Amino acid sequence: MKFTELIDLLNLVQINVGRGPMPKLRCLRINYCYDLGMLPGELKPLKGLERMEGAATPKSFITRLQGIDSYKVGHVPNMTMESIDFKR
């Protein structure tokens, strides 16, 4: 699998990947997953991950990616995340 897109998973809180299921992943796209709090640590060893995109992601998710979880995605050369101020 080289491309994975998570879209319109409105109640998705976390992603569980496990060890080694996506070693060839090149692009991860996350759109309209309003409740997603963080990414799994298993993304860190995916050195082939070239692009990560997100649209309508919570501001708290982006803040976490830029701070405490930056070690998980610091190796991704192309990252574009757009936030949304979403309240239920």
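Modeller: Here, helices are DSSP runs of at least four residues and strands are runs of at least two, numbered from the N terminus. Keep in mind that this is a predicted model.

Biologist: Fine. Where is Arg51 found?

Modeller: Arg51 belongs to strand E3, which covers residues 51-58.

Biologist: Is Arg51 buried, exposed or partly exposed?

Modeller: Partly exposed, because its relative accessibility is 31% and that class lies between 20% and 50%.

Biologist: Which residues is Arg51 in contact with, leaving aside neighbours within four places in sequence?

Modeller: Arg26, Cys27, Leu28, Val76, Asn78 and Thr80. Thr80 is 29 residues from Arg51 in sequence, with 8.2 Å between the C-alpha atoms.

Biologist: What does E3 pair with?

Modeller: E2, in the parallel sense, over five bridges. Within that pairing, Arg29 stands opposite Glu53 of E3.

Biologist: And which way do E1 and E2 run, parallel or antiparallel?

Modeller: Parallel, with five bridges joining E1 (residues 3-7) to E2. Leu6 has Ile30 in E2 as its bridge partner.

Biologist: Why is E2 largely enclosed by the rest of the structure?

Modeller: Because four of the five residues in E2 (residues 27-31) are buried.

Biologist: Different topic. Which residues of H1 are buried?

Modeller: In H1, residues 59-66, the buried ones include Phe61, Ile62 and Leu65. These three cover an arc of only 95° around the axis, so they sit on the same side of H1.

Biologist: What about the other side of H1?

Modeller: Ser60 and Thr63 are exposed there.

Biologist: What covers the buried residues of H1?

Modeller: The cover includes E2, E3, helix H2 (70-73) and strand E4 (78-84).

Key. Residues are numbered from 1 along each chain as its sequence is written. This is a predicted model: local features need pLDDT of at least 70, side-chain atom pairs count only at pLDDT 80 or more; totals for chains, interfaces and linings use all residues. Side-chain values use heavy atoms; hydrogens and water are left out. Buried means under 20% relative accessible area, exposed over 50%, partly exposed in between (1.4 Å probe, protein chains only). Contact means heavy atoms within 4.5 Å. Two strands pair if DSSP finds at least two bridges between them. The arc is that of the directions from the helix axis to the C-beta atoms.
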